[in-house]
Amino acid sequence: MKLRLILGDQLSQNISSLSDVDAQKDVVLMCEVRSEATYVKHHKKKIAFVFSAMRHFADALSDEGLNVRYVRYDDPKNAGSLRGEVARALDDYDIDEVIVTTAGEHRLVQDMAGWAEKLDVAVSIRDDDRFLCSAAEFATWAEGRKQLRMEYFYREMRQKYSVLMDQDGPVGGQWNYDAENRKPAEAGLDVPATYKAKPDAITQEVIDLVNAHFTDHFGDLTPFHFAVTRDQAISALEEFIARRLKLFGDYQDAMIQGEPWMYHSHIGLYVNCGLLDPLDCIERAEAAYHKGAAPLNAVEGFIRQILGWREYVRGVYWLKMPDYKTANYFDADRALPDFYWSAETQMNCMRQCITETKQNAYAHHIQRLMVLGNFALIAGLDPDEVNNWYMLVYADAYEWVELPNVSGMILYADGGLLASKPYAASGAYINKMSNYCGSCKYKPTVKNGPTACPFNYLYWDFIARNEGKLRGNPRMGFMYKSLDRMGDEKRQAVQDDTRRFFKAIEADEKV
Ligand code: FAD
Ligand code: DLZ
Ligand code: SF4
C-alpha cells in the first residue's frame, strides 16, 4: 500500500504523485497542519482559501473513487506538522512507500529529504511537472551568464512552447510590447468587477475555523469571494479574458484610488495552488488574440508574466537557494515601520495599498513594486522583515515566487542578478501613474521640508547612501550626474529630511 501525500499547493488532478495511483490499494493523505499555517502568520484570507480549496479538492478525489485521509485542523489527534501526520498514517495503515511531489519551498524539501530515515519508510519524491521549465533546465540556461535577463529566457520559452509565434518569429514582429503598456490612471475608467464566488457550506465552516484559531493573524477574513474549486477558478480566468484582458496591457502599470483590482487577472493564487494550469491560462489568452477578442499588446503582456516572469523567478529561486534568503547587498537593516500593518500613515499611496492588502490579501503588481516595494528599498528596510511581510500578506505568496520578487526585484538584495538596476523612484513616478497624490497630505512636486513627498528625499538619500555600490552601474549614470550637480545645501536638506522622517517613525508619530 502506498501513501500519497498532497500538499496545499498541489491541488491538481494531474499532479505527479497521483499519476499511477491505485484506487483500490492506495491512501491519499491531505492535512491541515499548524506548522504550514503558522510558519509565517499568513493572512486570514489565505488560510481560509487554502483550507477550503484543500477540502473541495479532497472531495473531488473521493468522488473519483480514491481513498482520501483528510485531517482537519481541529482534529484532536492532529500532529501539527506534515511529517507528524505522515508518521500517524504510517501507524494506522500498512504502508510500504510514501510518494510525494517535491515541495515548492526549500525548507520543506530539506525536511522531506530526512523523512525516509526518520520515519523508517521508503520515500519517493517526484518532480513537479506543472511548471513549464524544470529547475535543471533553468540551471542549464543560466550556466555561464553573469546576469540572468528574463527577456532572453522568455524568448526561449515562447519558442519551446510555440506561443505567439509565426514561422518567421514572434507574432507581430516584436517579442515584447511593453512600450505600449504604460498608460497612467485616467478618470472615468469603468473597471469591471473581479470574479466573486459565493461561499458554500464548506467555505463557511472554514471561515468559522479561521475565526476561532487565527485571530492574531493579519487581515480581514470577510468578505470572502475567492474561487475554491477548479471549475470556479476557470470561471474567474474566463471572466478575466472576456472582460479585462483587452485593457490589461494599457493599464498594467496604472493605479487608481478605490480600484484595487484594475485590469489584472487575479488568478495568481489559483495557479500557485494548482487549481489552474499555467499553460492552459496562456493558451486561452492566445486564443482570445487569434479570435480578435484582445489586442496583441495585452495578450503578449499577460503571457509574458506567466510564461516568462513566473517560470524565471522560480528558476532563480532553485538556482540560488539557500544563499538567496540571506542576500543583503545594501546591508539594509531598518525595522519595518508599523504602518505596514496598520496602514496608519499620511502617505496616501502607502495607506491605500496597505489597506487594500489587508482587505483583499491582494495588491496588483505595480502597487507591490512601485509603492510598497519602492518605499522598502529607498528607506533601507531589513530584507528579512520585508520578506516576512510579503510572505504573509498575499494569498498567492509561496517562497519560490515571493523571495526573488522581494529580494531580487524590489530590494536589489542580490546585487543585480535579477534586475539590471534598482527599481527606485521618487514621488513623480507615483504621481504620474496614479491619482493617489491628489488626496495626500504631502506634495509630490515639493522636494524638501515637511510638506515634501517623503519618496522625494528618501530617493536621493538612497542614491547618495549607496553611491559606492551603484555609481558604476551604467544604467544609474544619469542619476549620479544629477547627484553631482546637486549643491551641498540641497544634499544637506535631503539628509535632514530623511533623519527627521525616521525620527518621527521611531517616536511613533504618524508620518
Ligand atoms: P497579473 O498581473 O494578472 O499577472 C498574471 C500572472 O502572471 C500572475 O497571476 C502570476 O502568475 C504571473 N506573474 C506576474 N508577474 C509575476 C512576477 N513578477 N513573478 C511571478 N509571477 C508573475 N506573485 C506571486 O504569485 N506570489 C507572490 O508572493 C508574489 N510576490 C510579489 C512581491 C513583489 C514585491 C512583487 C513586485 C511581485 C510579486 N509577485 C508575486 C508577482 C505579481 O505581483 C503577482 O503575481 C501578481 O500581482 C498577482 O496578481 P494577478 O494574478 O492579478 O497578476
Ligand atoms: C499555505 C498552506 C497553508 C496555509 N496550510 C497548509 C496546510 O495546512 N497543509 C498543507 O499541506 N499545505 C498548506 N499550505 C501550503 C504549503 O505551505 C505549501 O505546500 C508549501 O509552502 C510548499 O510550497
Ligand atoms: Fe505617495 Fe508622495 Fe503621492 Fe503622497 S505625494 S501619495 S506620499 S507619492
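Two residues are in contact here if their C-beta atoms, placed from the backbone, lie within 7 Å.

## Model and conventions

This is a predicted model, in which local features need pLDDT of at least 70 and side-chain atom pairs count only at pLDDT 80 or more, while totals for chains, interfaces and linings use all residues. Residues are numbered from 1 along each chain as its sequence is written, and chains are lettered from A and ligands numbered from 1 in the order in which they are written.

## Domains

The protein chain is assigned domain 1 (2–126), domain 2 (135–192 + 244–320) and domain 3 (339–506); such bounds come from an automatic or database domain assignment. Taken over C-alpha atoms, the centres of domain 1 and domain 2 are 31 Å apart. Nine residues of domain 1 are in contact with six residues of domain 2. On the side of domain 1 that touches domain 2 there are five nonpolar, three polar and one charged residues. In this classification Ala, Val, Leu, Ile, Met, Phe, Trp, Tyr, Cys and Pro count as nonpolar, Asp, Glu, Lys and Arg as charged, and the others, Gly among them, as polar.

## Helix H2 against helix H8

Helices (H or I, at least four residues) and strands (E, at least two) are DSSP runs, numbered from the N terminus. The axes of H2 and helix H8 (residues 201–213) come within 9 Å and cross at roughly 140°. Axes are lines fitted to C-alpha atoms, for helices over the stretch in contact, and angles run from 0 to 180 degrees between N-to-C directions. H2 and H8 are therefore oblique to each other, where angles under 35 degrees count as roughly parallel, over 145 as roughly antiparallel, 65 to 115 as roughly perpendicular and the rest as oblique.

From H2, the residues Lys44, Ile47, Ala48, Phe51, Ser52, Arg55 and His56 meet Ile202, Thr203, Val206, Ile207 and Val210 of H8. This contact of H2 with H8 is made of seven nonpolar, three polar and two charged residues.

## Helix H6 against helix H13

Helix H6 (residues 135–142) and H13 have axes that come within 9 Å and cross at roughly 85°. H6 and H13 are therefore roughly perpendicular to each other. Ala135, Phe138, Ala139 and Ala142 in H6 meet Gly315, Trp318 and Leu319 in H13. By class, the residues of this contact are six nonpolar, one polar and no charged.

## Ligand 1

Ligand 1 has 28 residues around it, and His264, Ser265, Gly268, Gln305 and Ala397 come nearest. A residue is near a molecule if its C-beta atom, placed from the backbone, lies within 6 Å of it. Two or more residues of the shell come from each of helix H11 (268–273), helix H13 (296–320), helix H16 (365–378) and helix H18 (399–410). The shell around ligand 1 holds 14 nonpolar, ten polar and four charged residues. Domain 2 and domain 3 both give residues to this shell, so ligand 1 lies between them.

Ligand 2 is surrounded by 16 residues, of which Leu7, Gly8, Glu32, Glu36 and Gly104 are the closest. Helix H1 (34–38) and helix H2 (44–63) each supply at least two residues of this shell. Its residues divide into nine nonpolar, three polar and four charged.

Around ligand 3 there are 14 residues, with Met347, Cys349, Cys437, Cys440 and Cys453 nearest. At least two residues of the shell come from each of helix H15 (348–360), helix H19 (427–433) and helix H20 (454–465), and H19 gives the largest share, three residues. The shell around ligand 3 has eleven nonpolar, three polar and no charged residues.

## Backbone details

Most residues other than glycine have a negative phi, and most peptide bonds are trans. The peptide bond from Thr222 to Pro223 is cis, with omega near -5°; Pro223 is in the loop between H8 and helix H9 (230–243). Also cis is the peptide bond from Met321 to Pro322, with omega near 5°. Pro322 sits in the loop between H13 and helix H14 (339–342).

His266 is not a glycine, yet has a positive phi of about 60°. The place of His266 is the loop between helix H10 (245–248) and H11.
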